[in-house]
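Here are a few notes from going through the model, jotted down point by point. Have the structure open while you read.

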Amino acid sequence: MQTSDNPGWFVDFERVWLAYTEELRLQKHFAVEAIDLKIGRGEFIAIVGPSGCGKSTFMKLTTGLKMPSEGRILIDGQPVTGPLKISGMAFQAPSLLPWRSTVDNVLLPLEIVEPFRSNFKRQRAVYEERARKLLQKVGLAGYEDKFPWELSGGMQQRASICRALIHEPKMLLLDEPFGALDAFTREELWCILRDLWTEQKFNVILVTHDLRESVFLADTVYVMSRSPGRFVVRREIDLPRPRDLEISYTREFTDIVHELRGHIGAMRSNAAQPASSKAAP
Amino acid sequence: MTKKQLEGWSPWILLTVVLGLWQLICTVFNVSEFIFPSPWRIAKQFWEFKEIIGAHAWRTYWVTMAGFGIAIVVGVLLGFVIGSSRLAYAAVYPLMTAFNALPKAAFVPILVVWFGIGAGPAILTAFLISFFPIMVNIATGLATLEPELEDVLRVLGAKRWDVLIKVGLPRSMPYFYGSLKVAITLAFVGTTVSEMTAANEGIGYLLISAGSAMQMGLAFAGLVVVGAMAMLMYELFSAVERHTTGWAHRSSQNT
């Protein structure tokens, strides 16, 4: 969609297949197959689908943690050869380190990733200031020096997202980041993510079960099927930005959610058919 | 007295009650001091032989601490190796379990042949009996790493070593201190058992010689001293644990 002002795609999957082992590959048992995907620079995409459909595998391919068995992946015009430092990841479990304060948890990536790593001791004050600013931006002002076990689940998740963003990645990968939170906290964090993205325009790949979440946040929603794990539907969300929570109660919004729900429902009943002849209506 | 105070005093109250009952039974049934001495008799003998007991206790103490020190070094190193490599874990763990099942007292005669009567066999027995829990706990702490967190760090280019130092080692510290508490009490067992057959000094030696001289009060006094030393060291490591890895305990309270 942003081809006019952006030469080339940011993420470019060409006929990507992945089997976890050589044995599985020979049995033609692929975790994901025939993935063709083009994501523009700064685009926010969401992937929805049943559990176990290879969404996590897709994330591992995109970050270079796994190499495809067949096909080709280009990120930012470069072929992927190993873990991609330009990506930040956050998961459903915040997995903060309990012996580090919140700000120290956010600083952890800078102790590891270059070029920050070599300067860490000298530049610590600067980096710490940056971490504190980021924490304040997500509404954790006053909690920077608390320990993770002193924070609520929603706060921990905010800190976890800060940790993913501290090295200013070009690509943010979120695997059901709000799945364990209550509905109100979840909507609050949608807005925080929306604001961070609007400000910094990194690429986001959001894996979620929540269709409302995907429609509210993403430019493009992909529906993935299970075994074989492949993208079956691509839906551009043409709702105007900036989007407010109010939009989720409009007709257009719910129509898109319904449409996506229909795709997933159809997929589920297809999958269930061999077992029982009665398909869902 | 509040509930909390009562909790603090409860071990002492229980000890007093047990000693009282013990004394009562010995007095009422007029049990022979040669068979089963009363607490009073044990205390009297303890006082009478306090220099001798003190000397043997000191010997047992430093021998145990020497063995325990070796156990920490070896346990941590081995635990680090098998916790950081899946191959090493698969290779070493079954053998270590088999080794741990052997009664360490059975090693004493062999150690005597190698090192002669004296401190050597006692130190090594204390070491052999106490390094296993330390090793297992360090290895477990290192091996239990959430896959998500590993992904977060690996994508940043973290090497195995980074993950071990930044995450694995701090995470295994509560396990480590927990294991020290267990290991120190085991080390006292090792030393005492070894001294019973392979030394001319130490509480173990004292127990055997007092027993053969029918000095039952003295033998019991020796037991009390070993128990007291083990308990003191246990409390010491508990305090160290609370001060260094408080986060582990608080977080378990929270969830």
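1. A word on handedness before anything else: a crossing is left-handed if the near helix is turned anticlockwise from the far one by less than a right angle, and right-handed if clockwise. Keep in mind too that this is a predicted model.

2. With that in hand, look at helix α5 (residues 153-165) and helix α6 (residues 183-200), both of chain A. Their axes come within 11 Å and cross at roughly 20°. Angles under 35 degrees count as roughly parallel, and α5(A) and α6(A) are therefore roughly parallel to each other. As for the hand, α5(A) and α6(A) make a right-handed crossing.

3. Which residues make that contact? From α5(A) they are Gly154(A), Gln157(A), Arg158(A) and Leu165(A), and from α6(A) they are Thr185(A), Leu189(A), Ile192(A) and Leu196(A). Sorted by class, the contact of α5(A) with α6(A) comes out as four nonpolar, three polar and one charged residues.

4. Now over to strand β3 (residues 44-48) of chain A. Five of its five residues are buried, so β3(A) is largely enclosed by the rest of the structure. Phe44(A), Ala46(A) and Val48(A) point one way from the strand, while Ile45(A) and Ile47(A) point the other way, and the residues on both faces are buried.

5. What does β3(A) pair with? One partner is strand β8 (residues 203-208) of chain A, in the parallel sense over five bridges. Another is strand β9 (residues 220-225) of chain A, also parallel, over four bridges.

6. On to the two chains together. In the model, 21 residues of chain A are in contact with 19 residues of chain B. On the chain A side, β6(A) gives the most, with three residues. The residues of that side divide into 15 nonpolar, three polar and three charged.

7. β6(A) turns up again when you look at helix α7 (residues 147-154) of chain B. The buried residues of α7(B) are Leu149(B), Asp151(B), Val152(B), Leu153(B) and Arg154(B). What covers them includes β6 (87-91) of chain A together with α8 (160-198) of chain B. Note that Asp151(B) and Arg154(B) are among the buried residues of this helix, and that both count as charged by residue type.

Methods:
Residues are numbered from 1 along each chain as its sequence is written. Chains are lettered from A and ligands numbered from 1 in the order in which they are written. This is a predicted model: local features need pLDDT of at least 70, side-chain atom pairs count only at pLDDT 80 or more; totals for chains, interfaces and linings use all residues. A residue is buried if 20 or more other C-beta atoms lie within 10 Å of its own, exposed if 12 or fewer, and partly exposed in between; C-beta atoms are placed from the backbone. Helices (H or I, at least four residues) and strands (E, at least two) are DSSP runs, numbered from the N terminus. Two strands pair if DSSP finds at least two bridges between them. Two residues are in contact if their C-beta atoms, placed from the backbone, lie within 7 Å. Axes are lines fitted to C-alpha atoms, for helices over the stretch in contact, and angles run from 0 to 180 degrees between N-to-C directions. Angles under 35 degrees count as roughly parallel, over 145 as roughly antiparallel, 65 to 115 as roughly perpendicular and the rest as oblique.
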